[in-house]
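Trainee: I would like to learn how to read a structure. Could we go through one, feature by feature?

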Amino acid sequence: MKWETVIGLEVHAELSTKSKIFCGCTTDFGGKPNTHVCPVCSGMPGTLPRLNRAVVEYAMRAGLVLNCTITQKCKFDRKNYFYPDLPKAYQVSQLYAPICRDGFMEIESGGHKKRIGIREIHMEEDAGKLLHDPQSGTTHMDFNRCGVPLLEIVSQPDFKSGTEALSYLEQLRETLLYLGVCDCKMQEGSLRADVNLSVRPVGGEMGVRTEMKNLNSFKAISRAIEYEASRQIEVLEKGGKIVQETRRWDDDKGESYGMRSKENAQDYRYFPEPDLLPIEIDDEWLARIRETLPELANQKRERYIRDYGLTEFDAAVLTGHKNISDLFEDVLKRSGEPLESAHLITGEIMRLMNGTNTPPEELSPDPGKLANLVSLVLSGKINRNAYKETVEAVFTGDVDPEAYIAEKGLIMVSDSGAIHNAVAKVLNDNPGAVSDYRAGKDRAFGFLMGQSMKMLNGTGDPGMLRKTLKETLDNQANL
Amino acid sequence: MLELSALELSSAIRAGKLSATEAVSAYIGAVERTDGQLNAFISLGKERAMARAKAVQQLVGGGKPTPLTGVPIAIKDNISTAGTATTCASKMLDGYNPVFNATIVDKLERAGMIVIGKLNMDEFAMGGSSETGAFGPVRNPWDVSRVAGGSSGGSAAAAAAREIPLSIGSDTGGSIRQPCAFCGVTGVKPTYGAVSRYGLIAYASSLDQIGPIGNNIDDCAALLSVISGPDDQDSTCVINNPFDFSGARFERLDGVKIGLPRNYFADGIDEDVKRAVLAAAKEFEEAGASVEEFDMPLMEYMVPAYYIIACAEASSNLSRYDGLKYGYRSDKANTLSEVYRLSRSEGFGLEVKRRIMLGSFVLSSGYYDAYYKKALQIRALIKDAYSGLFERFDMILSPVAPTTAYKLGENIDDPMKMYMGDIYTVSVNLAGLPAVSLPCGFDGQGLPVGFQLIGDAFAEEKLIGAARVYQRRTDHHTKRPGGAA
């Protein structure tokens, strides 16, 4: 029998607001256990939540770019369950009136475009973390993460393969980064995804689905999908039945195991959160958020090609991460030179990032200094060699470019006397190469050119040098 | 000194006739003399109160004195006080000391008042007799073999016995008004959203409201002005400014329209209670108000809707007491699930467990629509009904409870009978309305009877004005219990 896989994704994105969803504590990752806490986020008796409006705005931004309808009177609900990482024993979330509904995102997979439905996006608070100490056999509670705002983005079961799911996740990640609502660091848990998966005979009735949790990287998601689809097919082909259950992925073993089945499913006893008023989103607020939506990666790519004449490849490199396109646009704004700025980033900067293993998240060269260098090379103050050297010095040591150039004597030599002297000395010192050139060996010209540039400490004006060398050689031949 | 009203006491202190320290030590003395019998206090912070009284006294000359500067006060023990035990009269909160003050505690201190102790109550404010707490029942100062009412029984009994000139209670389904009626004192249940709940340990969040209890409406109004007002830490506290009742001083009530719910006086109400409450209505007529009877709709749905909603919220609010972080933990527990199960089974009392189970049930899947959702619909209908009534009437006059104070232990094993005692009070909380509870006489056994005036949302000024007229014309609120004094 031919089987097809049906996948839906639930993505949790931690919002990068300064403070938590219901109190003033910082959302910074890390920090000693229980130092980013207050009576509210640690759920002390008698405390009450107060909503951080920035969270609502971030959710609206995400909802708008994902083509959702914004619920203009939305509410919070309580999801009740006991676990030591949840100090109130309920999570404030949204069930009955989530802030965003019925959206979609276009993805590209295997050369095809496909529209993936977004069922809903809701706001909620994150839970804390438990730290197990195997040595003493004790468990410690860290509430720093309690109350960090989350968006849960729930897709329709519209994926047919792991490839499609990954393509969606990558694009969603890029979108959230460009919106500036989430830093999307999977290793820090700021972006997490649960996978709902079932299989069915091609075109047949929907199968029973399982939900997989603990997926900490795109690679793990891809492997888990592959594993679960073949596990389900194997069970069904042997005449077995799929149990509706939650499964935990073990990335080290490359397999998942059942955590709890539907019969043991938790009853979360959701009900409206009485400590918070409904959120009224009026048209004016919505319009203001709509107007301030940033340009997204695909829109940027199109604009770079259309307005700056960049190649599709360069445009894609520049929009590969928000920090890269931000750097490009900043250098461009200051220098006014789109092509040179683009090539600086796609060339030297990308080379330096690769060479130093710098991830885009940590990209930090001073755009003002880079723009300065762009102007210097275009105006002929420095040549390409000096340009590359100084860009590297700015990238690695944040040097002042003008001071660096002066100190290293990198100002381009276009003085004809100096160039003539250098050429004369090189020709005088290398009679062999001169006769090779005369014998028609073109490579000898390159050698003489290099020697002359070296004589000028690499700072000679390459055009002038070339011209002078050629003229001198030709003049001498005519003598 | 103990016979002065709170406002008179503060005047005397501000005039230099008395000191705040004298006032505090006199009241601490009263508590030490009588509370062995009443059990109204859970804790008495003697040294802290004396130190605070000295500090307040130093400010009396300068600073900005308020009408309640120097007045001692005691607080129901479900309201957080930084660094001092806040127990909710439960074993579950054994050893718990809040790290912060409830907003109203800060407000009391800013007004120059001195907190001397924490008051007994039903466990987690669940009950109508102040018998369900872990520290024993509160006894009624008029007859110590009887209950003080609840859940703010300690707050009402302490005020009635003059252990304190003013106290703070909380009202979720009648918990200020009913003990006031049972103990013959005055209390106000404010509009939901008039007083910050920050620091009030929640029973039912959408119903709970903190309010004043005292010996007359002027003292209560002054205290309500102090504790009301907006609070950044409570987004449901929607009031714009603290109350100012200085304008609500009338001689008569001409033109004021009062509604009297005829069906509240039909079945199940004691004859003596009925007689005293109807006499109060008569008094309002004589003061110039018109009194018109009407039938209160939805009466049979009020108690069920209240218990479904209150217990649902309570089941969630009380889940945080899990034995892990603070409070009681069973020493028999070996696994995580045993910590939860045994700590909660041993730490909570019977009534609290009953309500947690009821609340968990009505929220569970398959029952939500049949119970909780229905109750919310009834709640909306009750709100609408009141809105309609306040187009016709300025206020509604009703009994507070169908009976006077009953014997200790009389109803403790009959929860249904106990719950039906809330019939006249719970709809006010479901609709989020304000009400004042005022003494209006005595039954044949000499036990106090109370009535309530219910107003539209944020119509406290009208209610206070009417209550002032009533208390100027009557002396029920000036009567003192003989038994314990």
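**Reading chain B**

Mentor: Start with the elements: chain B has 15 helices and 13 strands. Keep in mind that this is a predicted model.

Trainee: How does the radius of gyration of chain B relate to the globule rule?

Mentor: The radius of gyration is 21 Å, close to the 23 Å that the rule gives for 485 residues, so chain B is as compact as a globular protein of that length. Its C-alpha atoms fill a box of roughly 65 × 55 × 45 Å along the principal axes.

Trainee: What percentage of the residues of chain B count as buried?

Mentor: Of the 485 residues, 60% do. A residue is buried if 20 or more other C-beta atoms lie within 10 Å of its own. Helix α5 (residues 153–160) of chain B shows the idea: eight of its eight residues are buried, so the helix is largely enclosed by the rest of the structure. Among them are G153(B), S155(B) and A160(B). After α5(B) comes R162(B), with a positive phi near 60°.

Trainee: In what order do the strands of the open sheet in chain B lie?

Mentor: Eleven strands form it, in the order β1-β3-β2-β6-β8-β7-β12-β13-β11-β9-β10, with mixed pairing. To find the edges, look for strands with a single partner. In chain B these are β1 (41–44) and β10 (290–294), so one side of each is left without a neighbour in the sheet. On average, neighbouring strands of this sheet are turned by 30° against each other, direction ignored.

Trainee: Do β7 and β8 of chain B run parallel or antiparallel?

Mentor: Strand β7 (residues 186–189) and strand β8 (residues 209–214) of chain B run antiparallel and are joined by two bridges. In one of the pairs, T186(B) has G214(B) in β8(B) as its bridge partner.

Trainee: Which helix packs on the sheet, touching β6, β7, β8 and β12 of chain B?

Mentor: That is helix α7 (residues 217–227) of chain B, whose direction makes about 145° with that of β8(B).

Trainee: How many residues of chain B are in contact with chain A?

Mentor: For an interface, count the residues on each side. Here 31 residues of chain B are in contact with 23 residues of chain A. On the chain B side, α9 (299–317) and α11 (350–363) each supply at least two residues. The largest share, three residues, comes from α9(B). By class, this side of chain B has twelve nonpolar, twelve polar and seven charged residues.

Definitions and conventions: Residues are numbered from 1 along each chain as its sequence is written. Chains are lettered from A and ligands numbered from 1 in the order in which they are written. This is a predicted model: local features need pLDDT of at least 70, side-chain atom pairs count only at pLDDT 80 or more; totals for chains, interfaces and linings use all residues. Two residues are in contact if their C-beta atoms, placed from the backbone, lie within 7 Å. Helices (H or I, at least four residues) and strands (E, at least two) are DSSP runs, numbered from the N terminus. Ala, Val, Leu, Ile, Met, Phe, Trp, Tyr, Cys and Pro count as nonpolar, Asp, Glu, Lys and Arg as charged, and the others, Gly among them, as polar. Two strands pair if DSSP finds at least two bridges between them. Axes are lines fitted to C-alpha atoms, for helices over the stretch in contact, and angles run from 0 to 180 degrees between N-to-C directions. A residue is buried if 20 or more other C-beta atoms lie within 10 Å of its own, exposed if 12 or fewer, and partly exposed in between; C-beta atoms are placed from the backbone. The radius of gyration is taken over C-alpha atoms; the globule rule is 2.2 Å times the number of residues to the power 0.38.
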